[in-house]
Amino acid sequence: MKKSLLFLITIFSSIVAFAQTSKDVKKHLFIANLMTKMTLEEKLGQLNLPASSDFVTGAVSSSNIAEKVKEGKVGGVFNIRSVTKIKELQEFAVKNTRLHIPLFFGMDIIHGYKTTFPIPLGMSATWDMQLIERTARIAASEASADGIQWTFSPMVDLTRDPRWGRVAEGNGEDPFLSSAIAKAMVHGYQGDDLGAPNTILSCVKHYALYGAAEGGRDYNTTDMSRVRMYNEYFPPYKAAVDAGVASVMVSFNEIDGIPASGNKWLVNDVLRNQWKFNGFVVSDYTGIPEMVNHGMGDFQAVNALSLNAGVDMDMVGEGFLTTLKKSLSEGKVTLAQINKACERVLISKYDLGLFDDPYRYCNEQRSATEVFTPANRAEARKIAAQSFVLLKNKNVLPIATGKTIALVGPLADDIVNMTGTWSVGADNSKSVSLLKGLRDAVGTNGKVLYAKGSNLEEDAELQNRQTLLGKDMIRDSRSTDELIKEALAISANADVIVAAIGEGAESSGESASKSNIGIPEAQQRLLKALVATGKPVALVLFNGRPLTLTWESENVPAILDVWFAGSEAGDAIADVLIGKVNPSGKITMSFPQNVGQIPIYYNHKNTGRPLTGKWFAKFQSNYIDVVNEPLYPFGYGLSYTKFEYGDMQLSSKALKGNQKLTVTVHVKNTGAVAGKEIVQLYIRDVVGSITRPIQELKGFNKIELAAGESKNVRFEITPELLKFYNSNLKYDWEAGDFEIMVGPNSKEVKSVKVNWSK
Ligand code: BGC
């Protein structure tokens, strides 16, 4: 019986493998046949990716797209926000070009399409891979109904510098967590079948090291050792590749002195040869011509450099289109390289099913019924609440029923900023402000008073720089003093004050670096005045990056970090404020005490002179004027309930070879309400052939416990988790002692030492 079953399974898998191979053969024959008919110009056209004028993120925008499409000079277009327009352009391309090759359409769908979810940094705080995958799935299904087949997401640039505005778009400072997120996102977008009409191509970005820009200034130089690249910055990109991501976007920055857009080692050697990536590589927005400014040569030279490096598509630069023919005739690039790039682009179109049906993704009926649906919005509301992080709570939250609440602050009655940075497709038409959300949630069981309290910034120019790209904020012409006076007047009649303050949506994101990452001064003055009333104050913090909150952490009784939570933010925040949802998020980037501590990250090295006792110690590694610890460490976040951790139980303390170590910890909800807890496992490799971090996240488990309930949380550790790249870039583990740590965040851990021999 067993044997025959095995036989059937073998036959079945052979049939599947054969079908797959014959599908692949068919595809390659189709593309090869098509390419024999293509002229050089038409091949170069496939490598050209202009931007629609709907959304422009650089100094240059593409022009005369239709004309170029007709001449076969366009491979795809991105950021068109309308299924009708996309369908029209597709029809135009298919009907008017010589070979009727369909275009593909991309967009920056970073955290949702019309239904938007929290910014990625907020989503990462859920530590919930199913939820994260779900957001990408919904985004893909909505976008594909609107004609879009390719998203420039996930962004997985590891970062340790909150001055860099783009931390909002990523998953924080940890390679292990970010790798898990990369995998979940790629799978969410691409599903198991790219040809299905509701899945889209994913594009992992920005390869590589973009998050390590010096000084946190966007587009700036990066420079680091290869050991650091491989162990810390590369893993999330590699995880996306291992998960089958269809495309990779190279970054703006240089690596080892060569910009990523022209870096052969990075693209050809690492990505293609070492990681076996076989999709296509696209440049970032004018990233190729920007190499002229980097000092890599003239326009023609940098385009040849890029193709030679292994980049297939040129976003907005138009240099592949206009210079590669000349470079070919001069022997600076080869026809084989052009053919390969063209083939990769065409294969993606084939995989999407565009050669079968160019309009597969332009289904007006799906667009009308499957986008921004009540069901998707309801999910988005639930998901948003999961991203909030309770940083402090001295008996203020949740707000009991029957209270009069004074809601104050420039973000309290705002809608457009709630979706955060990079919400190109967002639909705000049904979103509510926190004011409306809170009034609806409280209903007749209380009262919500409102005053603006201050503008985002005292300085109008400073405010303007943070309210671009449609994220406007109407300025109140009254002075900050007058606004505060009004806020205090309404607060006098309230039982509790909720201060909705922080950053605007475009205070973070691309080209939004800051040297001062505190709450803007006008809002700080407001907050201080509110706290001085002596009434309970809950700070509802809007932010796209970790902020310096030293004063706030000492003086404000409650702080709830709500990031920018998407189209349902107003209701989701209200749900948490009134206790309908218990917050459970944990931060994925350290919150520094001050800017001087940056770069700051939990998984740092020990140094030869670590601070061993109390701060300050002469001739040990510390600062005279600030402690080494961040204000809030990686993995930190509170709940409306309390969790108690028991001691760790280990299956063994002496392991050998490929044995498995099981670690169990008993976690109990000792509070009065149900809640979710993210139990974290860290490991320290005590001695290595290269120095190793003082701890590294190696597992996490999000559990839900009813009041009084407890659970045993189990982690399994195999030598695979102990591997790292040594100084020869060999990936392996080394025998010796390991500290196993478990706890509610990276700092409050219990630790047990084990020995693992080979
Ligand atoms: C950004 C990318 C984005 C691209 C297209 C660039 O400025 O760096 O992240 O995908 O624009 O909009």
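What we have is a predicted model, in which local features need pLDDT of at least 70 and side-chain atom pairs count only at pLDDT 80 or more, while totals for chains, interfaces and linings use all residues. Residues are numbered from 1 along each chain as its sequence is written, and side-chain values use heavy atoms, with hydrogens and water left out.

The domain assignment gives domain 1 as 375-597 and domain 2 as 643-757, with bounds that come from an automatic or database assignment. Their C-alpha centres lie 35 Å apart, and the contact, meaning heavy atoms within 4.5 Å, takes 4 residues from domain 1 and 9 residues from domain 2.

The buried area between domain 1 and domain 2, that is, the accessible area (1.4 Å probe) that two parts lose on being put together, summed over both, is about 500 Å², with carbon and sulfur atoms giving 40% of that area. On the side of domain 1, N582, S584 and K586 lose the most area to domain 2, together 81% of what that side buries.

Across this interface there is 1 salt bridge, defined as a side-chain nitrogen of Lys or Arg within 4 Å of a carboxyl oxygen of Asp or Glu. K586 and E677 form a salt bridge, with their closest N and O atoms 3.1 Å apart.

Turning to the rings, the whole structure holds 30 aromatic pairs, counted for rings of Phe, Tyr and Trp (its six-membered ring) with centres within 6.5 Å, where planes under 30 degrees apart are stacked, over 60 edge-to-face and the rest tilted. Y350 and F355 make a tilted pair, at 6.4 Å and 40 degrees, whereas Y602 and Y682 are edge-to-face, because their planes stand at 75 degrees, with centres 5.5 Å apart.
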